[in-house]
Amino acid sequence: MKSLLIATLCCILIAKLASAQLNIGSWNIINVKYNVNNQWSLFGEGQLRSLKFYNDFHYYEYKGGLEYNPNKHIRLTTVAGSYQTYREGGDFVLPKNNDELRIWPQVILNQSIGKLRIEQRYRAEFRFTRSGYRNRFRYRLGVFYPFGKMKKNYKPFLISASNELFFTDKEPYFERNRMLIALNYKPSKSSTIQLGYIYQFDYKINDEIGRDFIQIGYYFELFRKTKLPEIINSELKDN
C-alpha cells in the first residue's frame, strides 16, 4: 500500500509539472477486472476527461465487458457503455455535443520479438448517438517493453507506445488519429498505475475533442481462487 501511494503521488506531481508548461488536459481511467479462469474475465471501466488540467471537464464514459482468451496470442472482447460529451468553455457545459450508447466487439493479436511485445487491436463500434446511428472502425498498433527486477514472475515497469486510427463508412471516412506514450508501474500482481501522454487529432467530428492530454490510470485485477498464470504487465487498456 505504501508503494502504491508513493507511485500515485509521483504520477500526480509529474503530470502537474507538465501541465504547468503546456495547455494540456487530463485523461483519467479506473479499470476493475475479474478473472473467472484462465480464459474468461469480466471488467468495468470509467473515464473522466478535461480540456485543461483538471479543469473544463467535458467528457465521461462508463462501460463493461466480457473477455475471452483462447490462447496467449488472441484476445476477444465484447463491450457496451455510455459516452457523454459536453461543450467547451467550462465544466460539463450544456447542451451536450453528444449523448451516446456504444456497443463494440474487439480482437487483439499479440506476438513477441525478443523482449518486445507487438500488439494489433481491431475494433468495430456500433454507435447510437443523439444524431442517429453511426458505425466506426478502429485499428491500433502498439509496442510494449517490460523492464525492472523480476518480482513474483512479473516485471514492475512497462513502457509502451501506440498509434490508433479511426475510420467510418461515410465521407470523409477518416475521423481521428490518437497517439499514446505511457509508463506503467505494477506495485503488486493486482494493481497497475499508468502515466501517459496522449496527442489526439480530430477531423470534423462532434464527440470527444482532440487535444494534448496527460493520462493517469489505475487498473485493478481480481482473481478467482484457482490456479491462474501470473500476468506480466498486460496491455493497458481500451480508451
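This report describes the fold, the strand pairing, the salt bridges and a surface patch of a predicted model.

Residues are numbered from 1 along each chain as its sequence is written, and side-chain values use heavy atoms, with hydrogens and water left out. Because the model is predicted, local features need pLDDT of at least 70 and side-chain atom pairs count only at pLDDT 80 or more, while totals for chains, interfaces and linings use all residues.

## Overall build

The chain holds one helix and eleven strands. Helices (H or I, at least four residues) and strands (E, at least two) are DSSP runs, numbered from the N terminus. Read from the N terminus, the order of elements is α-β-β-β-β-β-β-β-β-β-β-β. Of the 239 residues, 47% count as buried. Buried means under 20% relative accessible area, exposed means over 50%, and partly exposed lies in between (1.4 Å probe, protein chains only).

Strand E10 covers residues 191-202, and nine of its twelve residues are buried. Strand E9 (residues 174-185) pairs with E10 in the antiparallel sense over ten bridges; two strands pair if DSSP finds at least two bridges between them. E9 and E10 form a hairpin, with five residues between them. Within this pairing, Asn 177 has Phe 201 of E10 as its bridge partner. E10 is also joined to E11 by nine bridges, and these two strands run antiparallel. Here the bridge partner of Ser 191 is Phe 220 in E11.

## Salt bridges

The structure contains 18 salt bridges, each defined as a side-chain nitrogen of Lys or Arg within 4 Å of a carboxyl oxygen of Asp or Glu.

Lys 33 is buried, since its relative accessible area is 7%. Glu 67 is buried as well, at 6%.

Through shared partners, salt bridges join Glu 100, Arg 102, Arg 121, Arg 123, Glu 125, Arg 127, Arg 136, Arg 138, Glu 164 and Glu 175 into one network.

## A buried glutamate without a salt bridge

Glu 221 lies in strand E11 (residues 212-223). Glu 221 is buried yet has no salt bridge. The nearest side chain of opposite charge is Lys 33, 4.4 Å away; Lys and Arg count as positive and Asp and Glu as negative, while His and the chain ends are not counted. The side chain of Glu 221 does make a polar contact of 3.0 Å with the side chain of Asn 35. A polar contact is a pair of N or O atoms within 3.5 Å; within protein, one must be able to donate a hydrogen and the other to accept it, and residues adjacent in sequence count only if both atoms are side-chain atoms.

## Nonpolar surface patch

Ile 30, Val 32, Tyr 34, Trp 40, Leu 42, Leu 66 and Leu 222 make a nonpolar surface patch of about 590 Å². Patches are made of residues with over 30% relative accessible area and no salt bridge, with nonpolar side chains (Val, Leu, Ile, Met, Phe, Trp, Tyr) joined within 5 Å and like charges within 9 Å. The areas come from the Shrake-Rupley method with a 1.4 Å probe, and for residues only the protein chains shown count as cover. Strands E1 (25-35) and E2 (40-52) each supply at least two residues of the patch, and E1 gives the largest share, three residues. Val 32 is found in E1 and counts as partly exposed because its relative accessibility is 37%.

## Pro 95

Strand E5 (residues 93-113) contains Pro 95. Pro 95 is partly exposed, with a relative accessible area of 47%. Pro 95 and Thr 85 are ten residues apart in sequence and 9.5 Å apart in space, C-alpha to C-alpha.
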